[in-house]
Structure formats: structure tokens, C-alpha cells
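Subject: Structure handover

Hello,

Here is the structure we talked about.

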Amino acid sequence: MTDSAAYRKALAERSSYVENVLIHRMVAALAGELWRRDPTAPFNIFNSEVDDSGFDLVLACAEKHRYIQVKQVHLNGGAAKFSVRLEFTRLPDSCVVVIVHTESELKIDHFLFFGASASEPMPNVETERVSVSPIKRGEDGKKRIRPHYRDIPRKRFSGPLSTAQLLDALFT
């Protein structure tokens, strides 16, 4: 398949599959970078079975851990914002990682990062725009407001980051 429109359609229709593949690639890349730096460093990976707390993954390196919400966008994607649950943003050690990837091979190109140092809560997002559901509509036909979510503008994310830079952002 070489048609870009077909890839974009598949990315939208199979977003859970795509995100799962990308999470595995990200974790493998981070583990490889950590191994390169120090093969004795402990690294633990915890997957979230239910996404009602806002995070997809917990990574722990030595005594530091991070609650990570993963977002993904392909290289030509124009996402200007990423919706994040407010309760998640208040957790110490929480952050959002955007995996920017190729659309045809799901290869990671780079990362975007929103968060603070480990053990600190994310920067405040309370004043950002309230998220609107991209799919669900009310009885009046208007898109539903998601009062417990905020749209974080892409410009607030740091990056583009390499795997090594993301590892530093997460654990230093």
C-alpha cells in the first residue's frame, strides 16, 4: 500500500493498534538507551489495563517513576492540541509524551514532551481551553464539552526530542 490517504484512513480506524505498536517501540527505544548508558540500571514497565486514570503507562527507573499519557501523530499530521484529563495533570510524576511517527511504517521519528521534572506535577493547564469531544454530540447536534479535559497546545510541548533527550526529560 503506497497511497497516503489509505494510510491516514487506517491510522484513524486502527488508532488503538497504532498506539499500542508505538508504545512498544518507544519503550524498547528507551530501554535500549538506558542499557547503553548503564546496563545495571533498573527499569520497570507497567501497562495500564484500564484507562480511567488518564495514563497509559508507568515507567520506573531507579527510584523515579513517571505516569505517562501517550499521544501519537504522524509526521504530516497537523494536530495543534492534545486533550488531557485534568485529574491526570495533577498527579506528581505525570507527563504527556507524543510519539511522532511515519504513517507508512509506524517508525518513530521523534517525541514531544509536556511535563515537569520527575516528582513534580505537570505545569498548570486549568486555564487552557476545555476539550470538545471529536465524536460525541448532544441531542441538539452540537459537539459535547468535556469539562474534565483541557486542550494543551502543541506549542507548549518541548521537542522535537530524540530517545536520549526523552529519557532525560523523564528521569532527570
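Start at Asp 93, which counts as buried at 8% relative accessibility. Keep in mind throughout that this is a predicted model. Asp 93 is found in the loop between α3 and β5. Its phi is near 75°, a positive value in a residue other than glycine.

Leu 106 also has a positive phi, about 55°, and is not a glycine. Leu 106 lies in the loop between β5 and β6. With a relative accessible area of 13%, Leu 106 is buried. For background, most residues other than glycine have a negative phi, and most peptide bonds are trans.

That brings up the peptide bond between Gly 159 and Pro 160. This bond is cis, with omega about 15°. Pro 160 lies in strand β9.

Salt bridges

How many salt bridges does a search of the whole structure find? Seven. I looked at some of them in detail.

Glu 33 and Arg 37 meet through their side chains at 2.9 Å, N to O. Both sit in helix α2 (residues 15-37), four residues apart, so about one helical turn separates them. Glu 33 is buried, at 12% relative accessible area. Arg 37 is partly exposed, at 37%.

Arg 37 has another partner. Its side chain forms a salt bridge with Asp 168 at 2.7 Å, N to O. Asp 168 lies in helix α4 (residues 163-171) and Arg 37 in helix α2, so this pair ties together parts that are 131 residues apart in sequence. Asp 168 is partly exposed, with a relative accessible area of 29%.

These contacts belong to a network of salt bridges. Its members are Glu 33, Arg 36, Arg 37 and Asp 168.

Elsewhere, Glu 126 and Arg 90 form a salt bridge at 2.6 Å, N to O. This pair links distant parts of the chain, 36 residues apart. Glu 126 is in the loop between β6 (108-115) and β7 (130-137). Arg 90 is in the loop between α3 (86-89) and β5 (94-101). Glu 126 is partly exposed, at 34% relative accessible area. Arg 90 counts as partly exposed too, at 46%.

A buried charge without a salt bridge

Which side chain of opposite charge is nearest to Asp 56? It is Lys 71, and it is 6.8 Å away. A salt bridge needs the nitrogen within 4 Å of the carboxyl oxygen. Asp 56 is buried yet has no salt bridge. What the side chain of Asp 56 does reach is the backbone nitrogen of Val 70, at 2.7 Å. Asp 56 itself is placed in the loop between β1 (43-47) and β2 (57-61).

Aromatic rings

A search of the whole structure finds three aromatic pairs. One of them is Phe 82 with Phe 157, an edge-to-face pair. The centres are 5.3 Å apart, with 70° between the planes. Phe 82 lies in strand β4 (residues 81-85), and Phe 157 in the loop between β8 (143-153) and β9 (158-161), so the pair ties together parts that are 75 residues apart in sequence. Both residues are buried. Phe 82, Phe 114 and Phe 157 form one aromatic cluster.

Two arginines also sit over tyrosine rings. The charged end of Arg 14 is over the ring of Tyr 17, 4.2 Å from its centre. Arg 146 lies over the face of Tyr 149, at 3.9 Å from the ring centre.

Pro 123

Pro 123 is in the loop between β6 and β7. Glu 126 is in that loop as well. Pro 123 is partly exposed, with a relative accessible area of 30%. Which residues is Pro 123 in contact with, leaving aside its neighbours within four places in sequence? They are Phe 114, Gly 115, Ala 116 and Arg 156. Phe 114 is also a member of the aromatic cluster above. Asn 47 is another matter: Pro 123 and Asn 47 are 76 residues apart in sequence and 24 Å apart in space, C-alpha to C-alpha.

Best wishes

Definitions and conventions
Residues numbered from 1 in each chain as written. Predicted model: local features only at pLDDT ≥ 70, side-chain atom pairs only at ≥ 80, totals over all residues. Heavy atoms only, no water. Helix = DSSP H or I, 4+ residues; strand = E, 2+ residues; numbered from the N terminus. Buried < 20%, exposed > 50% of the residue type's maximum accessible area, 1.4 Å probe, protein only. Lys, Arg positive; Asp, Glu negative; His and termini not counted. Polar contact = N/O pair within 3.5 Å; in protein donor to acceptor, adjacent residues only side chain to side chain. Phe/Tyr/Trp six-rings, centres within 6.5 Å; stacked < 30°, edge-to-face > 60°. Lys NZ or Arg CZ within 6 Å of the ring centre and 35° of its normal. Contact = heavy atoms within 4.5 Å.
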